[in-house]
Amino acid sequence: MHLDLRKIRRIAKMHTIELFCVAFLCLSPMAWVSSSREPCRSPAKTKGLLSVTSAKDDTTVWGDFKYDATKKYLRFVEDSKSNRTSHLDVLVHFEQDVIYEFDSKNDSCKKQSLPCHSHPLEVPADATHQDELYLGSLDKSEQGLRVRIWSGNVSDHHDAHHSQAAHYSIITTSCGCVPVSCIYHSEKYDLIFKFFNVEIDFDELHAFKLPDYCDGVALEEASDDHSFFDLFHD
């Protein structure tokens, strides 16, 4: 059978153009989605090691954290790596607007109102996706981590007329939305949060249980700008 080379070239060219158009139509929405990406959702449960550094008073707090994203419970227990004389052992109920501070040595409990719900364990619903990149190296496997950067502003006061704008920048893993780090800046704070050895899902629900010595403790009304970040600010 005689083959017409010009016809074959014309058909091949048409197929190439068609493939290019298909690729363009597929990639264009992906590029648009990347630039307007919706904030990712944290895993249902996470735990690990958290370090918090305050640039204003040069202190670093280390401790174990456990977070339940479904019930909005956060437990943080400071350990001996911190360069502070005080010791933090807190349980936060964000949806109930309450924070508990424990003193197991004296079997005492402090219960305060918590009007502000901002914290570094979740990406806010109105956060802006800034970029997606690698931490470390791409040359070899297991030498880098693909992450996404989110940022935005948040008010630290319920009253808009007296609120102070705070800026945050949160880094999460590209896959799974696991927290990596967070920078939080306002007139009161300059805090850097770093997360290590993060595990997803756990059965240690006793960490969110109130000790018996907290029964009947009266609620102390805190200021309208009281937040989780106050724990790391002297």
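Student: Which residue in the hairpin of β9 and β10 takes a positive phi?
Tutor: Gly176, with phi near 100°. That hairpin has five residues between the strands. Strands here are DSSP runs of E, at least two residues, numbered from the N terminus; helices are runs of H or I, at least four.

Student: How many bridges join β9 to β10?
Tutor: Six, and the strands run antiparallel. Two strands count as paired if DSSP finds at least two bridges between them. Ile170 has Cys182 in β10 as its bridge partner.

Student: And what about β10 with β11?
Tutor: They pair in the antiparallel sense over five bridges. They also form a hairpin, with four residues between them. Ile183 is bridged to Ile192 in β11.

Student: Why is β10 largely enclosed?
Tutor: Because five of its seven residues are buried. Buried means under 20% relative accessible area, exposed over 50%, partly exposed in between (1.4 Å probe, protein chains only).

Student: Before I go on, where does this model come from?
Tutor: It is predicted: local features need pLDDT of at least 70, side-chain atom pairs count only at pLDDT 80 or more, and totals for chains, interfaces and linings use all residues. Residues are numbered from 1 along each chain as its sequence is written, and side-chain values use heavy atoms, leaving out hydrogens and water.

Student: What does the pLDDT average for the protein chain?
Tutor: 81, with 78% of the residues at 70 or above. pLDDT is the predictor's confidence in each residue, from 0 to 100. Over residues 5-34 it is below 50, and that stretch has three contacts beyond near neighbours in sequence. Contact means heavy atoms within 4.5 Å.

Student: Switching to cysteines. How many disulfides?
Tutor: Two, taking a disulfide as a pair of cysteine sulfur atoms within 2.5 Å. Cys40 and Cys177 form one, with sulfurs 2.0 Å apart. Cys40 sits in the loop between α1 and β1, Cys177 in the loop between β9 and β10, 137 residues apart.

Student: Which cysteines make the other one?
Tutor: Cys109 and Cys214, sulfurs also 2.0 Å apart. Cys109 lies in strand β6 and Cys214 in the loop between β11 and β12, so the pair ties together parts 105 residues apart in sequence. Both Cys109 and Cys214 are buried.

Student: Is Cys175 buried or exposed?
Tutor: Exposed, with a relative accessible area of 70%. Cys116 is buried, at 7%.
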